[in-house]
Amino acid sequence: MSTETIYQSAALTRFRTEQDEWMFRVPRIDDGIKIHSLIASCPPLDENSSYCNFLQSSHFNKTCIVAEHDGKVAGFISAYLKPDAPSELFVWQVAVSPDMRGKGLAYRMLQGLLKRKHLQHVVAVETTITRSNEGSWNLFRKLEAANGKKGEVSVFLDEAQHFKGRHDTEFLFRIPLNKNL
């Protein structure tokens with residue numbers, strides 16, 4: 001599939017509520033620093049280098065999504081197809097601006113991402129979440145519920161074994177997608 005076709009099928013969608021309107025789109029390289037600033041405003045998310053966010057908004061942009069509100073980046077999901085399992089989408093980070101939380105934006109972005117034509121072959125979503133990140137647990141439990149409640153949680157990176165006490169345990173949440181729902 002050509003890049004042009006991917007951009008056309010994933011280009012712009014809009015989501016409206018009574019109070020707000022968001023535009024969902026494929027990130028562009030010039031979004032990198034805006035995405036970096038957004039993530040910095042969203043603890044407990046790990047703040048990676050701005051270079052990482054430039055790569056996400058260029059090399060990996062077809063599996064990422066930006067939500068704009070009033071011309072500003074209000075939300076971002078970074079994800080990628082797993083190299084050894086290209087029918088599985090790994091969601092790296094979900095960031096929603098603090099003033100846009102509680103409006104369903106994260107779930108709408110995730111739905112928008114999964115509806116892209118070039119991701120229709122995806123059969124499972126995976127992510128990692130620390131025990132204390134209630135917002136992420138709620139988001140992915142909602143996705144799990146919408147897909148038949150068949151998710152599985154396991155330890156991915158252990159606080160003691162992998163992080164040597166420098167980071168909380170990251171739990172892998174694997175959600176098979178029910179294409180019949």
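Arg-174 is partly exposed in this predicted model, at 24% relative accessibility; under the classification applied, residues under 20% relative accessible area are buried, those over 50% are exposed, and those in between are partly exposed (1.4 Å probe, protein chains only). The side chain of Arg-174 meets that of Glu-126 in a salt bridge, with an N to O distance of 2.9 Å. A salt bridge is here a side-chain nitrogen of Lys or Arg within 4 Å of a carboxyl oxygen of Asp or Glu. Because Arg-174 lies in strand 8 and Glu-126 in strand 6 (residues 124-130), this pair ties together parts that are 48 residues apart in sequence. Secondary-structure elements are DSSP runs numbered from the N terminus, with helices (H or I) of at least four residues and strands (E) of at least two. Glu-126 itself is buried, its relative accessible area being 6%.

Arg-174 also forms a salt bridge with Glu-88, the N to O distance being 3.2 Å. Here strand 8 (residues 170-176), which holds Arg-174, is tied to strand 5 (residues 85-96), which holds Glu-88, so the pair connects parts that are 86 residues apart in sequence. Glu-88 is buried, with a relative accessible area of 13%. Side chains of opposite charge can pair when their charged atoms come close.

As to the basis of these values, the model is predicted: local features need pLDDT of at least 70 and side-chain atom pairs count only at pLDDT 80 or more, whereas totals for chains, interfaces and linings use all residues. Residues are numbered from 1 along each chain as its sequence is written, and side-chain values use heavy atoms, with hydrogens and water left out.

In total, the structure holds 8 salt bridges. One of them joins Glu-68 to Arg-25, with the closest N and O atoms 2.7 Å apart. This pair links distant parts of the chain, Glu-68 being in strand 3 (residues 65-69) and Arg-25 in strand 2 (residues 21-25), 43 residues apart. Both partners, Glu-68 and Arg-25, are buried. These two residues also belong to a network of salt bridges that links Arg-25, Asp-31, Lys-34 and Glu-68.

Strand 6 also contains Thr-130, which is buried at 12% relative accessibility. Residues up to four places away in sequence aside, Thr-130 touches Trp-137, His-167, Asp-168, Thr-169 and Glu-170, contact being defined as heavy atoms within 4.5 Å. Val-123 is found in the loop between helix 4 (105-114) and strand 6 and is partly exposed, with a relative accessible area of 41%. Beyond its neighbours within four places in sequence, Val-123 is in contact with Ser-87, Ile-175, Pro-176 and Leu-177. The C-alpha atoms of Val-123 and Leu-89 are 8.1 Å apart in space, while the two residues are 34 apart in sequence.

Backbone geometry was examined next. The peptide bond from Pro-43 to Pro-44 is cis, with omega near 15°. Pro-44 is located in the loop between helix 2 (32-40) and helix 3 (50-56). A positive phi value, near 55°, occurs at Lys-149, a residue other than glycine. Lys-149 lies in the loop between helix 5 (134-146) and strand 7 (152-157), and this lysine is exposed, with a relative accessible area of 64%. Lys-164, likewise not a glycine, has a positive phi of about 55°. The position of Lys-164 is in the loop between strand 7 and strand 8, where Lys-164 counts as exposed at 59% relative accessibility.

Cysteine residues were considered last. A disulfide is taken as a pair of cysteine sulfur atoms within 2.5 Å, and by this rule the count comes to 0 disulfides. For Cys-52, the closest cysteine sulfur is that of Cys-64 at 9.2 Å, which is too far for a bond. Cys-52 is buried at 15% relative accessibility. Cys-42 is also buried, at 2% relative accessibility.
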